Amino acid sequence: MDTRTLGQQGLTVSELGLGCMGMSEFYGTADEDQAVATIHRALELGITLLDTADMYGPWVNEELVGKAIAGRRDEVVLATKFGNVRGGDGAFLGIRGDAAYVRECCEASLRRLGVDAIDLYYQHRVAPETPIEETVGAMAELVREGKVRFLGLSEAGAETIRRAHAVHPISALQTEFSLFERGVEAEVLPALRELGIGFVPYSPLGRGILTGAVRRPEDLESGDVRLERFPRFQRENLERNVALVERLEALAERLDASPGQLALAWVLAQGDDIVPIPGTKRVERLEENAAAADLVLDDDLLGELDAAFPVGAAAGTRYAEAQLKSVGL
């Protein structure tokens, strides 16, 4: 698999990464053995960027990733995140970015991952009560101490990104981006390119809708949080979104590709500073996603995709109202 560079500080990763969140929580039943096999297969395919966070599980996803990469550390660019606070019972307790918490989280993540340094350390959500300068200043201290190599932000707005970057170079921003979700194109992506910061889209497959595998709420396992927390999966919205996916399927058929592969190829085609991290917990889906890197989209097809999926085309907001308050700060 080809590589791409995130930021201007020397961070080189595979052009597709692997999001590990769903291996432990949120998207139905977890199977550790299957998850470890998926991570190992990703490394075999040349996928180097593995993405986790302390809140996934909570905490157990980092442990899972650490177990999977044991003895293979030099094959991995390891990314994790802090900032979303959860209790031992899984309850969400808010967002923190104060200096003491940054250090506490980093030390805990290093222990769970079983590594001496984190390659890419993100603030998962901007803490509204803590100046971004304090948070990034504390993250920069971790870089100076060798505990972190590169810094990232997640779901930050353009002005916050500029302020953070003035404290210490930011190598990557992680934010949702897909044919369904193109909000970053207006202000955030131009700011990243102005500052020389890489972009790591999460949910590039629309949390699964763009694969064509989710056509009704009943297609998801009981307990899958998409049914409760994401308006695009509510029945009426999902019906409208599946109609959009049918257009994607028709276009993908021309390339003898799956709709998910075409959706990923579109994201990759938006710039060589972009590294999407589709998540999966199954080897067969991983292999399907990886093959998207081989698709070449001509200008005509890209134009058809842009016409079929204009900004705002998806039915329903990407998060419920309460969660939307924590993005784009």
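# A tour of rings, charges and cysteines

Start by selecting F230, which is buried, with a relative accessible area of 7% (buried means under 20% relative accessible area, exposed over 50% and partly exposed in between, with a 1.4 Å probe and protein chains only). Before moving on, note that this is a predicted model, in which local features need pLDDT of at least 70, side-chain atom pairs count only at pLDDT 80 or more, and totals for chains, interfaces and linings use all residues. Residues are numbered from 1 along each chain as its sequence is written, and side-chain values use heavy atoms, with hydrogens and water left out.

**The partner of F230**

F230 and Y319 form a tilted aromatic pair, 5.6 Å centre to centre with 45 degrees between the planes. Rings of Phe, Tyr and Trp (its six-membered ring) pair if their centres lie within 6.5 Å; planes under 30 degrees apart count as stacked, over 60 as edge-to-face and the rest as tilted. F230 lies in the loop between α7 (226-229) and α8 (235-254), and Y319 in the loop between α11 (299-308) and α12 (321-324), so the pair ties together parts that are 89 residues apart in sequence. Helices (H or I, at least four residues) and strands (E, at least two) are DSSP runs, numbered from the N terminus.

The structure holds five aromatic pairs. For another of them, select F82 and Y121: the ring centres are 5.0 Å apart and the planes meet at 35 degrees, so this pair is tilted. F82 belongs to strand β5 (residues 77-82) and Y121 to strand β8 (residues 118-123), so the pair joins parts 39 residues apart in sequence. F82 is buried at 0% relative accessible area, and Y121 counts as buried at 0% too.

Next, pick F177, F199 and W266, which ring pairs link into a cluster.

**Charges over rings**

Show R86 with F92: the charged end of R86 sits over the ring of F92, 4.4 Å from its centre. Here, a charge sits over a ring if NZ of Lys or CZ of Arg is within 6 Å of the ring centre and within 35 degrees of the ring normal. Then go to Y27, where R226 lies over the face, at 4.1 Å from the ring centre.

For C105, the nearest cysteine sulfur is that of C106, at 8.8 Å; C105 is buried, with a relative accessible area of 5%.

Key
Disulfide = S-S within 2.5 Å.
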